[in-house]
Amino acid sequence: MSISFMFVAGSASADISYMESGYGITFEGCDYDKIINLKNGYVWECSEYGYTYHYGEMTVLEVNGKSKLCVGDLEEALEEYPDGDCYDGTLYQMR
C-alpha cells in the first residue's frame, strides 16, 4: 500500500508517501548492498551501515523525494525519521 499525504509540523511541511512492509520481518540492521526482503513483494537495498534488531513491520518513507527504511508501522516510523532507526537505500519491486 502506498499513500501520499502532506505532513505539517509547526511551520515546516513535507510531502510524505509511505509503504508498509507487511508483518513478519526479522531486521538486523543494514550494511552496504544488503538486501532486505519485504513481505509485500518489494526489496530494500541498503546504502549505509547501521544496526538495529527489530521483528515485525517495517515502513518505507519517502520524504521530499528521499527514501528511508524505518522500523515499525507508520506511526513508529514517523517518530524515528530521519535520524532514529531509519536507513538510506533503494526500494525495488521483485519480479
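This report covers the disulfides, a surface patch and one serine of a predicted model.

The model is predicted: local features need pLDDT of at least 70, side-chain atom pairs count only at pLDDT 80 or more, and totals for chains, interfaces and linings use all residues. Residues are numbered from 1 along each chain as its sequence is written, and side-chain values use heavy atoms, with hydrogens and water left out.

**Disulfides**

A disulfide is taken as a pair of cysteine sulfur atoms within 2.5 Å. By this rule the count comes to 2 disulfides. With the bonded cysteines numbered in sequence order, the pairing is 1-2, 3-4.

| Pair | Sulfur atoms apart |
|---|---|
| Cysteine 30 and cysteine 46 | 2.1 Å |
| Cysteine 70 and cysteine 86 | 2.1 Å |

Cysteine 30 sits in strand β3 (residues 25–30) and cysteine 46 in strand β5 (residues 42–46), so this pair links distant parts of the chain, 16 residues apart. Strands here are DSSP runs (E, at least two residues), numbered from the N terminus. The torsion about the S-S bond of cysteine 30 and cysteine 46 is about -60 degrees, so the disulfide is left-handed. Cysteine 30 is buried, at a relative accessible area of 2%, and cysteine 46 is buried with a value of 2%. Buried means under 20% relative accessible area, exposed over 50%, and partly exposed in between (1.4 Å probe, protein chains only).

The link of cysteine 70 and cysteine 86 is right-handed, with 115 degrees about the S-S bond. Cysteine 70 belongs to strand β8 (residues 66–71) and cysteine 86 to strand β9 (residues 86–93), so the pair ties together parts that are 16 residues apart in sequence. Cysteine 70 is buried, with a relative accessible area of 0%; cysteine 86 counts as buried at 5% relative accessibility.

**Surface patch**

Tyr23, Tyr32, Tyr49, Tyr51, Tyr53 and Tyr55 form a nonpolar patch on the surface, and together they have about 830 Å² of accessible area. Patch residues have over 30% relative accessible area and no salt bridge, and nonpolar side chains (Val, Leu, Ile, Met, Phe, Trp, Tyr) are joined within 5 Å, like charges within 9 Å. A salt bridge is a side-chain nitrogen of Lys or Arg within 4 Å of a carboxyl oxygen of Asp or Glu. Accessible areas come from the Shrake-Rupley method with a 1.4 Å probe.

**Serine 13**

Serine 13 is part of strand β2 (residues 12–20). Serine 13 is partly exposed, at a relative accessible area of 49%. Serine 13 and asparagine 64 are 51 residues apart in sequence, and their C-alpha atoms are 9.6 Å apart in space.

Definitions and conventions
Helix = DSSP H or I, 4+ residues; strand = E, 2+ residues; numbered from the N terminus.
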